[in-house]
Each structure stands twice: as C-alpha cells, then as structure tokens.
Amino acid sequence: MNEEQQHNEQESIKKVKGKFKEWFLDYASYVILERAVPAIEDGFKPVQRRIMHSMRDLHDGRYNKVANLVGHTMQYHPHGDMSIADAMVNMGQKDLLIDTQGNWGNILTGDSAAASRYIEARLSKFALDVLFNPKITTWAASYDGRKKEPVSLPAKFPIVLAQGAEGIAVGLSTTILPHNFNELIDASIKILQGKKFTLFPDFPTGGMIDVSNYNDGKRGGKIRVRAKIKIEDNKTLVISDIPYKTTTGSLIESIIKANNKGKIKVKKIEDNTSENVEIRLHLPSGISPDKTIDALYAFTNCEMSISPLGVVIENNKPLFLGVSEILERSTGRTVELLRQELEIELQELLDQWHAASLERIFIENRIYRDIEQETTWEGVLNAIDEGLKPHIQHLKRPIIEADLIRLTEIKIKRISKFDIDKARKNIEAIEEKIAEKKHHLAHIIDYTIAFFKELKKKYGKGRERKTEIKPFENIEATKVVMRNVKLYVNKAEGFAGTALRKDEYVGDVSDIDDIIVIRKDGKLMVSKVADKKFFGKDIIYINVFKKKDKRTIYNMIYRDGKRGPSYMKRFFVSGITRDKEYDLTAGNQGSQILYFSANPNGEAEVVTILLRQTGSLRKTKFDIDFKELAIKGRGVRGNLVTKLPVKAIKLKEAGVSTLKPRKLWFDPVIKKLNTEERGDFLGEFSGNDQLVMILQDGRISKFIPNLEKHFPDNMILLEKYVALKPVTAAYFDQEKKRYFIKRFLIDDLKREEIFIPDRAELWQVSYDWLPVWALHFAKERGKDQKLSQEINVDEFISIKGLKAQGNLLSKFTLKKIEALPSLVYEVENSVETEVEENSEISRQDIDEIVFEIKIPKPEETVDDKPKPDNTEPPTLF
C-alpha cells in the first residue's frame, strides 16, 4: 500500500468516541421536551399545541376535514400525518376543545375512528374563549422557518388537568389523570379566595374510584378504579360503568380468562354497549352474585390500579408537581393573562377615546378650514396642530404626527354629516368602558372569579362528575375464588393433593389456596395446593388455610417427649412462612399430639382425661374445660395437664364460642352464612347465641350458627333467636278445610319439631313481638268481593303451646295473608328504679327480674271478623 492510499484511508476513518453520549442526550432531551411531556403554561404537548393553532388558522365556523387539518398542521409539526391524526382523535374524544362530526371512535368499546378523510372537526366555543389571543401570544419560527407558531397558547384554564396527559419519554414518563371540569373551576375560585381545596380525578368512563392513596397526583401515589356492577336478579349481573383505561372488549376478555381458569363462574356474557356501557353476565344456578362481584374485582379488569405521576415542562426542564400545585400555577397564570388582556383593551379604548376626541375637536371647531390656504404637506400638518392647541387641555396624551395624519384622512362626506350629540355619546360610552376596565384591573381577583363563574355557567352543564368517589374494601382473593377442584389426603402415608382421587376427600379448593397440615408428631406446615405433595406421615388435620384468621382456634393436648408430661394449649395460626415446618410441641424428640380439634368460631369443649393405672393411683379420670385456658400463640408450651401417662382423651361436651360477637349474614343464593356482608344481615352472635329456622313444611329448629351449614331450599324464615319472643303461624288444615292461627314460644325447643298438623299447608309465619297481618279474601261466585281485613295478631290470639291447634282464623276462603309492618314493642322494667337505688342487687339478680309486656286491649270486632279465643292477654316471664 503506497503512502497516498494510507493517507486516504486515514482521512475516511471518523472517530465516534463520545458521540454516543452526546447523541443520546440530544435524543432524550428532544423526546422529553418536544413529544411526550406537556408544558405547564398551556397544558399541551407540542403536537397538540400545533393542532390547536392550525385549527384556529382555518377556523371560519364551519367543519373542516380532519385530513385537511392534519395537512395544515404538518406545516408546523416535523412528523408524519399519523401521529397528528392520532393526537387529534385523542383530543376529540375528550369532548372539550374540539367539536367533532362523524365516526370518531368509542372510548367505551375501544372502536377506532374512521379515516381522517371521512371525519370533520372545528374548534369548540370553549376553546375559542380560553385558548387564543394573538396580542398576548409569544411566537417563534416553525421547524423550517417558513411559519410562525406559538411558543405556548394563552390558556386561561387548566387544560392538562381537565384532559389528563400520558407520555413515555427516555427515562421519564408522565401520568396526569383527568379531573372534573366544574370541580376544577370551583377549586380555582377557592384558590383565588384563599380557601383550601381538594381535587380528585374524574373519568369519562365513569365507574368508582378509591382516592385514599392519591397523594395529590404525585409520584408514589396510587388510585383504584372499579366498574359499577349491580345485581339485576339472582342469576344476572349488569356492568354499567367500566374502569378508566379499559374497554368493554378488554374487560370481557379478562372475565372470560378468569372463567376459563375457574376463578369465577359465568354461564353467558352479553355486550349491549352503545352510547352507554351494558355488559350482562348470566350466572349458573347456585352461584352467589355478591361473591361473584367480589371475584370480578379480584380477578378481572373490573378493578384496576393506576399510579399517577405529575410531570410537566417548565423552562425546558421536567418538573415534578402535584395536581394542586399545577392548578395553583394555572390559576395564577389565568390572573396574569386576564390582566394583560385588560391592559391591552384599556390601551385600545384610550386610543379610541383620543381619536374620537380629536375628531370631534377637528370638526366641531372647523379646523379643517385652516388648511385650505396651505400648499405643502408640512404646512397642512402645522395648521392642524396649531388649530388644535386651544382645545386639547383635557386630552390624556400629547398629539403625535400619526394623529394629525389620521385627521387629514377624514372624508368631506363624513364632515358634512357629523352629529355632535352622537359623537359626544360615543365618547361617553368609551369613557364608561375605560372606567370599567380600570375597575377590573383594580379588582383583578374578583374579575378572575367572575370569569371562572361565567365559564361554568356557559359550559358546565352536562359536565357533572361521572366517577363515584368511595373507599374500597380489600378483597381477599382466597375468600371469593371459586373452589373448583377437590383436595384429597392419604393421612397414613402423608400425601395430599388434587390428583389423589382414590384417597380420602378433604374438600373443594382453588389453585390459589394454601392448605394447612398438622401431623401427629406436632409439626405444622402451610403450602400451596398441588397435584400431589408429601407432608410427612401420620397427618391428623388438613384444611384450607385462611391467612390472618384469628377466629379459628386450635385446641390441643400433647405429650412432651416419649415419657414426658402432657400439656394443653389453645392457639391460632395467622402469619406464617409457606413450606416451612413449625413445631407445635415443646420440640423434644418423641413428642406426640394426644388430642386435637379445630374450631372455626373459637369453640371450647370439655374433654375427659383417662390415665393409665400405675401403682396406688386412685383417680384415673378427670375432666378439663378448654374454656378456662387463654388463647395464645402457636409457639407457647401450654399449661400442664398431668405428669402421669395418659391412656386416652375423650370428648365429653361440645363447646361454644369464647370469642367476641361476630356479625353474620345469610346469602340467599348459595344458602350459607358468611361474615363478608353478602346477603341479609342476621345480627351479632356470641358463643351461645342461636338461630331460629322455619321450613315451609312446618318444621322449626334452633341451633348455634355454623358457617359450613348449607340451608335447605324450602326455608322461609331464618332469624336470631330472642328469649320469650313468640312465633306466629297461619296454616290451612286440609282435613278440616279451615284456616288456623297460633302463637307459641320456642325457649324450651331442644330439637327439630313440627308445629302444624299432617296434611296442613303453612300460609304465613312471623317471628316478631306484635305482628300485624292483612287477610285478603278470594271472591266467591255470585257475591261481592269481600274487603281485606287487618288484624293485630297479639290481640287476636294468646300464646299457647307449640303443639296446640290454635284459633280459627277465618271461615271464608283466603286469597293471601300479607304481613304488614309490626307494631312497636315496648318493655317496662318494673324494678328499674329499685335496681338503681339498691346497690346490693347483682347482675345475676337482674336476670331474674320479671318484665311485663304492654299489650293493647282488644277492641270490639265487626260481625264477620273471626272471633278470638277468651284467653286473657298473656304476661311473659
């Protein structure tokens, strides 16, 4: 290679050291400043600002093709037409600045807009009122230098907070959520009045929002948005609003996915969305709609989390601000823009006043005649100037040459038709406007408040809040998931899982459940549901594990070591590490669980301890009540039971709950009790509290609530048992062809009983102190319709035994017996004063005090009203 070739090769090599860093920074800065993040001054990204400016250029009150607007915007925006068209459609769908015509897509369904050549747009009246004023706009050259474009528009409204903004730049992003139009105005007014305000997002898709962690829209905040779901009937749910950032299509897709995974059960989905959202979910039989709603929030896009991040551009730098500060700055800028507009308008009025005054002096004093003899231009101007001097003492500024030239341009025709009164009135009108502008400038805050109020009056109608603000309860997925697989266990071999179909059935579980396993050697482990998993031999207990559950209490007696003493303990298991083995005994080798029970409501039973006969031991049997033992953590040693060897432990008496009362609800769809507020509220229940259940066939029972119990379909009454409270029932005896009514107490009810005769039909039942019923009679052929009658049941019949026949209710054929609102029940404590005065009376003594029930006296009855029996009104003890 000769020297010339080497020289040429060296010349062609360009060193790029350091260039990447420079180019990357340039690119990152460009994306942040020119594409992704809005400016704080007007709330627009550059493409949005250029769209607004182009639409103002072409604005003539009529619609323009979007394709035409896009082409015009390309004079200012150095990017392709698609980016402009997409940005315009996005702004048009927000229904604030752009008045649209044609198919602009649907934010609810996610349908895209028609091609830009088919849709039209123009500026909205609101945009014309708040965005444009060339006189106070700063201008700069466009990217190619051919045009002038605004550096920022004089926006007199917090556009970025009304529309929201999202953008992803290099190493930076912004998520400013949209807010309610009227609430922004109200908050701006409060800022001007020096009052406190709060601002929360409002979405065009409606729905519900939890703003407890909004953090003013700053970094680190989070909101939760939910669809609005209502129960139409026991088998149908209707979604009427969807969360922000979702569409009906994506929402339905997430529901189908959750259904396929078995987390929810949906039979059919109908999407009837058009102008408003309507998604109908049809549920299979036996599926609780309340529980399904919770599951929809837990496993589908019916609930979404959004993390706001307020980032705006100020002085070519990104700035992290909360929505309150953004609004405060916007409001302050609105005050300044209005001040500038007033000052410009005032100056224009002063110029008008000056010109009108000079014109009046010029014509009224016939100064135009002084120029008739002048032959030069300078002479004409001097003559006018000299002629005006005696009359200009009241002028507000000196006369300049432009004023003199303007006077020479007045036409003879105008001079000949000059009306002095009209000219005076015109000057007075201008003076009034000047005074008005000066007043507004002196009271600029009041003027700005009035400006905002006028905006709300003109444009606030129809912009009420769409998103309901409410706190959300935390939904535990394990409580609402559909348990669609079966769990089996081989206790002896120590295996458990969903694939062991030949072994012992445990219960239904879901794939997200944890299970708790306790072995005979005192080891405890919690693990995820699996097809098959080894937990160790001699499993004595396995069930679904409920995290943070402190109501399920485990009662246990164990032997410490091979020949050690026996201990008893009561404990709960809440927080725990999955797949870690825990020891429930003292940890000595050879320890063994002798007795174990799991109690979902903290029940404490009585057990009998049988000891081995050793030496001269006389007492080999004694009872232990777990109720006397405090509930502690799983790691405690427990209390000593005996140091002697235990032969056996037998359950003597089932226990009742020792925990504080809990609130119970009955879900009428799945026919089970729950504590998750699904269905009908039954009340608060302590350990001995009971429920009363009445079935359609006349069976009645009383029992302690059990969350696992499945209630029969023919149940017609389920209420909390109250001592001395009577049951009232009406039935039709098929043999006697008569209607009977009876009242009875159930305080001594020990087992299920039937309170109506065989071949009798139960018509009405009530568990209330003073029920009122209406008897509706069937129309007999050839006779007038008998009027309905209202009866006070307590006056009609006294309390009798459960097996009593009762009184004849009516000899006429009944169509229906309707339960009306019951009367108010009053209890008079006859010894209340005595209790207060006698401090020696204990709470146990109070339990024996007699209460008298006030019962209204029977009134006279009409002839055709059924006669009550002659029993005296009862006094209950």
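Student: Is Asn 792 buried or exposed?

Tutor: A residue is called buried under 20% relative accessible area, exposed over 50%, and partly exposed in between, with a 1.4 Å probe and protein chains only. Asn 792 has a relative accessible area of 15%, so Asn 792 is buried. Please note that this is a predicted model, in which local features need pLDDT of at least 70, side-chain atom pairs count only at pLDDT 80 or more, and totals for chains, interfaces and linings use all residues. Residues are numbered from 1 along each chain as its sequence is written, and side-chain values use heavy atoms, with hydrogens and water left out.

Student: Where in the structure is the place of Asn 792?

Tutor: Helices (H or I, at least four residues) and strands (E, at least two) are DSSP runs, numbered from the N terminus. Asn 792 belongs to strand 45, residues 789-792. The C-alpha atom of Trp 773 is 6.8 Å from that of Asn 792, at 19 residues along the chain. Trp 773 is found in strand 44, residues 772-777, and it counts as buried because its relative accessibility is 0%.

Student: How is the pairing of strands read, and which strands pair with strand 25?

Tutor: Two strands pair if DSSP finds at least two bridges between them. Strand 25 (residues 553-559) pairs in the antiparallel sense with strand 28 (residues 592-599) over seven bridges, and Tyr 558 has Ile 593 of strand 28 as its bridge partner. Strand 25 also pairs in the antiparallel sense with strand 26 (residues 566-571), over six bridges. There, Tyr 554 has Phe 571 as its bridge partner. Six of the seven residues of strand 25 are buried. In the hairpin of strands 25 and 26, six residues lie between the strands, and Gly 561 has a positive phi near 80°.

Student: Which way do the side chains of strand 13 point?

Tutor: In strand 13 (residues 279-282), Ile 279 and Leu 281 point one way, while Arg 280 and His 282 point the other way. All four of these residues are buried. Strand 13 pairs in the antiparallel sense with strand 11 (residues 236-241) over four bridges, where Ile 239 stands opposite Ile 279. Strand 12 (residues 268-271) is likewise joined to strand 13 by four bridges and runs antiparallel to it. The bridge partner of Ile 269 in strand 13 is Leu 281.

Student: How is the order of strands in a sheet described, and which strands stand at the edges?

Tutor: An example is the open sheet of four strands with the order 39-37-38-42 and antiparallel pairing. Strand 39 (715-720) and strand 42 (753-754) stand at the edges, each with a single partner strand, so one side of each has no neighbour in the sheet. Within this sheet, strand 37 (residues 691-695) and strand 38 (residues 699-703) pair in the antiparallel sense over four bridges. Val 692 stands opposite Lys 702 in strand 38.

Student: How many helices and strands does the protein have, and what is its radius of gyration?

Tutor: The protein has 20 helices and 49 strands. The radius of gyration is taken over C-alpha atoms, and the globule rule is 2.2 Å times the number of residues to the power 0.38. A compact globule of 877 residues would have a value near 29 Å, whereas the protein has 43 Å. Its C-alpha trace spans about 150 × 115 × 65 Å along the principal axes. Of the 877 residues, 44% count as buried.
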